[in-house]
Amino acid sequence: PNDGTVLGTRTVVVSGTVSSSSCSVKVNGIAAARNGKEYEATVQFEADGQQTILVEASNEVSTVQKSITAVIDSTSPVITVLAPEANILTNATSIEAKCSVQDLTAVEVFIDGYQALEANGLYSYPVSLIEGQAKSIEFKAIDAALNETIVTVDGVILDTTAPTAELNIPALTNNPNLEVSGTFTEAVGIESILVNNLPATISGNSFSMSLQLVEGPQNVVTVLRDKAGNSTTVTKTVTLDSTPVQVSNIQPSSDVYLTSSQVTITGALNEEASVMVAGTEAVVSNGVFTANVTLSGCGAVQVPIVATDLAGNSVTINHSLKFDNTPPTIVSTPANGYTIIDTSPTIVVTLGDGCSGVDMSTLVIRIDGVDRTSEFAVEQQQASLLVEGMAAGPHSIGVEVEDVAGNTAQYFAVFTIQV
């Protein structure tokens, strides 16, 4: 070979000519074969690198030497791929392929069929990707001895489509422990899901986690990132309301007696809510609820009012009403239809009301049509009067009275005095 030649083998055939056909020729101590003035010898080198080839031509008079150097490079270049990794996903339409190469001699490097750019001993080239198609990137290095190495990185996929998600949370709740759940759609695989910067549990195409809420409105921010680096952010506002609705100005009040079993209950609300009154759903309009209920019993009647706001907070109020729709009872002595022989009888009127009680201030008693209420002696719920010198024949007792609730009772009795 010529001086300075780079050879790709350690077995080197050395040939040349000498001026005399009668001299002997050795190459690195190995006797060369002769053909006239031409010679040829095969030299085996033990290692790569720069080697010296020494040719000696001798006759009986003198010895002539000539040496040249050759670079032996029998080893293919070693390629180390630095980027990208095999079977990766990326959202970059162009990816920088990069490698390093080790070799004894100078190399040419090609990436994806193009001559690579060299900087600081590293080789790179921008490789274009096509959406959804797996790309194989070839790295090729050829050294000065024409040794060649090819390394292929397979499965580089471009994905620029971000994941989509549906978040299932209420806009309003009274539970500070919020269970966040949702579903997502992702073609190449989900990498992570963070809810308010906390990792969610992923199962199939669903995710879930628990959040601790504070009173009032707050954002729930869900960030989904796929394996290609695409991300989607879904933000929803949830309000924690743990304060029950306030109910006020309930009418009728507890201070007055009601005499009708059909009553309309009304009240005021400080926020939007549904209301049940004694099991009946009330009509709510402009912060006021109205419900018609039927009362039963006597005296203090409890009417349960349950108000529930939109967050689910409930308050129960047992509203007490006074109810009495039964008039007082009246009996007299003498009773209606009785015949007596006493011309000076004691007339007794006995009153009763087992609910609100008799309002004695409303009592009116007429004897034979004449109001004689003021003459009667009243003790508790009984009035009596000695009437002297009554004539023989029929006489009447008329009584009117109200109970405390305002129910009116009327009584009329006719008795006869027989002498």
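This is a predicted model: local features need pLDDT of at least 70, side-chain atom pairs count only at pLDDT 80 or more; totals for chains, interfaces and linings use all residues.

I began with Asn230, which sits in the loop between strand E25 (216-226) and strand E26 (231-240).

Is Asn230 buried or exposed? I found it buried, with a relative accessible area of 8%. I then followed its side chain, which reaches the backbone oxygen of Asp159 at 2.6 Å. Leaving aside neighbours within four places in sequence, I listed Asn91, Asp159, Thr160, Thr161, Ala162, Pro163, Leu224 and Arg225 as contacts of Asn230.

Next I turned to the cysteines. Cys298 and Cys355 form it, with their sulfur atoms 1.8 Å apart. I noted that this pair links distant parts of the chain, 57 residues apart: Cys298 is in the loop between strand E33 (288-294) and strand E34 (299-309), and Cys355 is in the loop between E38 and E39. I recorded Cys298 as partly exposed, at 43% relative accessible area. Cys23 is buried at 10%, and Cys99 is buried at 1%.

Last, I examined the largest nonpolar core, which has 22 residues; Ile330, Leu351, Ile365 and Val399 touch the most other members. Strands E38 (346-352), E39 (358-367), E42 (382-386), E43 (393-403) and E44 (408-417) each supply at least two of its residues. The largest share, 5 residues, comes from E44. Apart from this core I located another, of 21 residues, including Val245, Val247, Leu258 and Val277.

Definitions and conventions: Residues are numbered from 1 along each chain as its sequence is written. Side-chain values use heavy atoms; hydrogens and water are left out. A nonpolar core is a set of buried Ala, Val, Leu, Ile, Met, Phe, Trp, Tyr and Cys residues joined through side-chain atoms within 4.5 Å. Buried means under 20% relative accessible area, exposed over 50%, partly exposed in between (1.4 Å probe, protein chains only). Helices (H or I, at least four residues) and strands (E, at least two) are DSSP runs, numbered from the N terminus. A polar contact is a pair of N or O atoms within 3.5 Å; within protein, one must be able to donate a hydrogen and the other to accept it, and residues adjacent in sequence count only if both atoms are side-chain atoms. Contact means heavy atoms within 4.5 Å. A disulfide is a pair of cysteine sulfur atoms within 2.5 Å.
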